[in-house]
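Here's a quick briefing for anyone meeting this structure for the first time. Take a look at it below, then read on for the main points.

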Amino acid sequence: MSLLAVRIADVLLAAGPGYLPERASSVAPSVDHVFAFLFWVSAFFLALIVSLTILFVVRYRSRPSRRDPEPSPSHDNRLEILWSAIPLVLVFAIFAASTKVYYAMTELEPGDSPLRVQVTGRKWSWWFDHPSGKGANQLHLVAGRPTELVLASTDVIHSLYVPAFRLKQDAVPGRFTKMVFTPTQPGTYPILCAEYCGTNHSTMGAVAVVHPDQASFDEWAKEGLAPGASLVEVGQQVYAEKGCVACHSVDGTPGVGPSFKGIWGKEEKLAGGNTVKVDEAYIRESIVAPAAKITAGFDNVMPPIPLEEREMQGIVAYIQSLKD
Amino acid sequence: MHSGGDLTVPGAPQESYLKHGRGLRSWLFTLDHKRIGIMYLVLIVVSLILGGVFAMVLRFHLWNPSGGLVSNDTYNKMFTLHGAVMIFLFVIPGIPSALGNFIVPLQVGAKDVAFPRVNLLSFWLFAAGAVLFIATLVVGGLDTGWTIYPPYSLESSRGLGILLALTGVFLAGFSSILTGVNFIATIHRMRAPGMGWFDLPLFLWALYATGIIQIFATPVLGITVALGFLERLFHLGIFMPEYGGDPVLFQHFFWFYSHPAVYIMILPAMGIVSEVVSVFSRKPIFGYRFIARSSIAIAVIGFLVWGHHMFVSGQSKWVNVIFSFLTLLVAIPSAIKTFNWLATMYKGAIVLKTPMLYVLSFFGIFGVGGLTGLFLGALATDIPLHDTYFVVAHFHFVMVGGVLIAFLAGLHYWWPKMTGRMYDERLGRASAILIFLGFNLTFIPQFFAGLAGMPRRYATYAVEHQALNRFSTAGAVVLTLGLVIALWGLVASLRRGARAPANPWGAASLEWSAASPPAHDNFAIAPRGRKPYDFTGLRRVSDEAGWVHAEGEGA
């Protein structure tokens with residue numbers, strides 16, 4: 001019965017240009033059931049209000065043959081009890097249905113040992129540290145495997161939102177928050193930032209990649225740059241994955257931050273009027289303590305980016321390689 | 001100048017409040033609640049226009065998924081100022097301070113509010129707050145969102161803008177508290193002889209409930225913005241994690257005010273609906289006592305639901321569950337009001353003039369606004385919908401569809417009383433219909449965008465949402481056109497409108513027994529209280545003379 005209601009609600013929603021996203025987590029179908037229940041309760045009451053309004057206006061509108069109201073009571077306790085009690089009963093029903101599903105949305109499903117991923121939000125990219133030490137700008141998951149995300153933020157509040165999982169959780173600086181779920185459908189799903197965080201809030205996206213099985217996930221976890229990769233290749237990967245790309249272009253167009261193109265060795269003008277030579281020391285400082293020296297014409301918005309030594313060497317080499 | 005009015009022989013006709021004293025000073029330093037109300041009205045309408053211009057920039061920017069009209073930073077400043085100006089300078093003060101100031105003393109049958117000097121102070125605080133908001137624009141704008149969440153809002157790179165905005169909110173908040181104090185004192189102490197609590201027009205019950213919220217909730221806003229101010233300057237370590245503070249604490253403080261503030265906005269709107277639906281159905285309001293008590297119930301429950309704004313902030317599961325239940329309870333007093341309004345129309349003689357058309361559209365739009373609130377009060381559906389366009393659509397259905405439309409209903413309803421002129425009924429009706437259509441075209445698509453997963457406060461968006469956004473922008477143009485026609489109709493009536501009789505609608509509450517526009521002292525003879533919805537004995541004479549009581553009472 002409730003499934004039928006979901007179907008009908010789906011059809012109605014599909015009739016509009018918008019549509020509920022795919023259902024790719026174990027809780028998504030039950031969330032949509034609660035949605036359908038609420039949809040029908042609301043549709044009934046809206047129809048009641050609108051049709052009574054129209055009916056009364058048509059029947060009782062003032063016209064030459066009908067200038068005065070008909071006598072009718074101005075209060076009726078039975079009616080008042082009726083239209084207090086019915087909403088009260090419905091409120092209890094909605095609360096019960098929704099809270100039951102909410103518990104499912106916040107508790108790990110029993111099953112295999114959960115996949116634990118550390119999530120870091122920062123202006124304006126996400127970073128996912130998977131077990132076995134593999135970090136990426138994509139969230140990799142295994143279909144059917146319960147997952148626990150621990151979220152943190154290095155600057156302001158962000159919110160990890162995966163519409164296909166029907167889940168959302170704020171990442172709050174100074175706290176760790178948790179999000180648990182079990183992905184069900186292999187595929188790639190958009191991740192969005194739902195808490196306003198500044199200039200590039202609307203492009204602070206990532207994807208969740210749900211592997212069909214553990215073996216496929218393991219294979220991905222082993223991938224990486226060949227041990228013999230050059231520093232420039234390492235740097236290029238760091239640039240793309242650790243969020244530099246969100247603000248620094250490599251083609252000379254200034255973004256939120258200065259472009260990397262041709263800055264190596266240049267004398268940069270700073271906000272205070274001083275200048276600084278763009279060398280390894282300056283680049284390292286700008287990554288560890290971005291606020292120390294601000295290039296003239298730009299705002300102090302960059303969060304510190306923790307990098308491993310090889311990654312640090314890589315990004316320096318990469319910027320060096322972008323010299324004209 | 002004042003003594004001239006005071007020496008008039010009781011019962012002799014007096015000059016209208018508009019002519020009592022001339023020149024700018026006689027307005028700016030007036031203690032007359034009616035002139036203060038008119039000054040509020042001017043500022044509030046200017047704020048509405050300003051907020052509306054910001055809104056149109058947002059809507060045109062969103063015509064294309066990649067934006068294109070303005071930069072991301074400018075977009076962020078525009079939605080911040082759109083929200084801040086609309087909420088703090090239009091929706092919160094709109095009905096209580098502008099219409100309430102004018103109508104409250106007239107409805108209780110008094111000469112003025114209980115504390116006229118405090119009333120003037122309240123106006124000046126509000127004006128100062130508004131000036132600081134404009135100053136924020138001048139120093140480069142503010143891109144924090146109207147909710148000013150730290151750490152983003154208090155980052156050390158921020159300059160004067162945030163400090164000006166916090167001070168502006170602080171001053172506007174004080175103005176709101178003083179207005180609440182004044183209305184509560186006026187309703188308690190200055191009711192006409194013979195006017196018991198259950199003889200109060202329901203607009204007054206609504207403003208009384210509003211006053212309670214203003215007095216108890218607004219100080220928390222004042223303290224919060226003061227702490228934010230000090231945190232920014234002296235790094236106290238209250239809200240900012242880098243100094244040892246907690247940003248979620250700010251959210252609790254902020255919503256402890258700002259959720260009840262939703263009821264500061266909507267309760268007066270419901271008060272107007274109660275007045276208009278009864279007068280234009282020519283029938284006593286149905287279930288008076290239930291409507292009155294449900295206002296108080298909404299005020300009380302409204303204090304206990306703020307946590308639903310933090311369902312995904314990481315607060316404890318139990319806290320979420322309790323807040324969810326309390327939030328859903330608001331549905332009950334809202335349902336009571338709605339069904340009592342509908343029952344009032346039953347077997348009435350419904351007159352479809354402009355105020356009633358606005359109220360009819362309020363029923364549908366506020367119905368959607370209230371019912372979609374269930375989706376956001378219920379945890380399972382709130383979590384995916386939180387901070388998406390579903391929320392944007394929901395609160396615009398309540399704030400614009402509820403408050404703005406009720407404000408326009410009230411403004412048209414009391415316009416003859418305030419100005420002594422009748423507005424053009426054709427323009428009024430056209431505006432009501434256009435606003436209804438434009439509003440729905442603007443905001444219904446946003447529900448679908450939210451369901452499809454489009455987060456709010458996005459300067460750019462996924463291509464799949466483009467059609468919805470274009471409908472929304474087209475709707476905003478129609479809505480603007482409706483508002484322009486409404487404003488034009490009212491302003492034009494000041495020159496061309498027919499002279500309004502004392503009682504053009506056949507209403508029974510006391511303000512309609514004063515002249516239109518009222519004299520400086522409101523009533524020539526102190527009136528006695530009477531039942532506000534008892535229309536027996538009212539007789540329509542003509543368009544020019546309006547309605548009179550057969551007994552000649554209160555004429």
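## Helix α3 of chain A

Let's start inside one helix: the buried residues of α3(A) are A:Trp83, A:Pro87, A:Leu90, A:Val91, A:Ile94, A:Phe95, A:Ser98, A:Val101, A:Tyr102 and A:Met105. Keep in mind that this is a predicted model.

**More on α3(A)**

- The cover over those buried residues comes from both chains: it includes α2 and β7 of chain A, along with α10 (317–329), α11 (331–345), α12 (354–377) and α13 (379–385) of chain B.
- How far apart are the end C-alpha atoms of α3(A)? They sit 43 Å apart, which agrees with the 44 Å that its 30 residues should span at 1.5 Å a residue.

**Where the chains meet**

- Chain A puts 75 residues into the contact, and chain B puts in 74 residues.
- On the chain A side, α2 (28–60), α3 (77–106), β6 (158–162) and β7 (167–171) each supply at least two residues.
- The helix we began with, α3(A), gives the most to that side, with 15 residues.
- Sorted by class, the side of chain A that touches chain B has 39 nonpolar, 23 polar and 13 charged residues.

**A sheet in chain A**

- Five strands of chain A make an open sheet with mixed pairing, in the order β4-β10-β9-β6-β7.
- β4 (139–142) and β7 of chain A are the edge strands, so named here since each pairs on one side only.
- On average, and ignoring direction, neighbouring strands in this sheet are turned by 25 degrees against each other.
- β4(A) and β10 (residues 206–211) of chain A run parallel, joined by 4 bridges.
- Which residue of β10(A) stands opposite A:Leu141? That's A:Val210.
- Helix α4 (residues 214–222) of chain A packs on the sheet, where it touches β4 and β10 of chain A. The direction of α4 makes about 150 degrees with that of β4(A).

**Chain B as a whole**

- Chain B has 16 helices and 2 strands.
- Its radius of gyration is 23 Å, close to the 24 Å the globule rule gives for 555 residues, so chain B is as compact as a globular protein of that length.
- Along the principal axes, the C-alpha atoms of chain B fill a box of roughly 70 × 50 × 45 Å.
- Of the 555 residues in chain B, 63% are buried.
- Take the contacts in chain B between residues at least 6 apart in sequence: 82% of these join residues at least 24 apart.

Notes: Residues are numbered from 1 along each chain as its sequence is written. Chains are lettered from A and ligands numbered from 1 in the order in which they are written. This is a predicted model: local features need pLDDT of at least 70, side-chain atom pairs count only at pLDDT 80 or more; totals for chains, interfaces and linings use all residues. Two residues are in contact if their C-beta atoms, placed from the backbone, lie within 7 Å. Ala, Val, Leu, Ile, Met, Phe, Trp, Tyr, Cys and Pro count as nonpolar, Asp, Glu, Lys and Arg as charged, and the others, Gly among them, as polar. Two strands pair if DSSP finds at least two bridges between them. Axes are lines fitted to C-alpha atoms, for helices over the stretch in contact, and angles run from 0 to 180 degrees between N-to-C directions. The expected span of a helix is 1.5 Å times one less than its number of residues. A residue is buried if 20 or more other C-beta atoms lie within 10 Å of its own, exposed if 12 or fewer, and partly exposed in between; C-beta atoms are placed from the backbone. The radius of gyration is taken over C-alpha atoms; the globule rule is 2.2 Å times the number of residues to the power 0.38.
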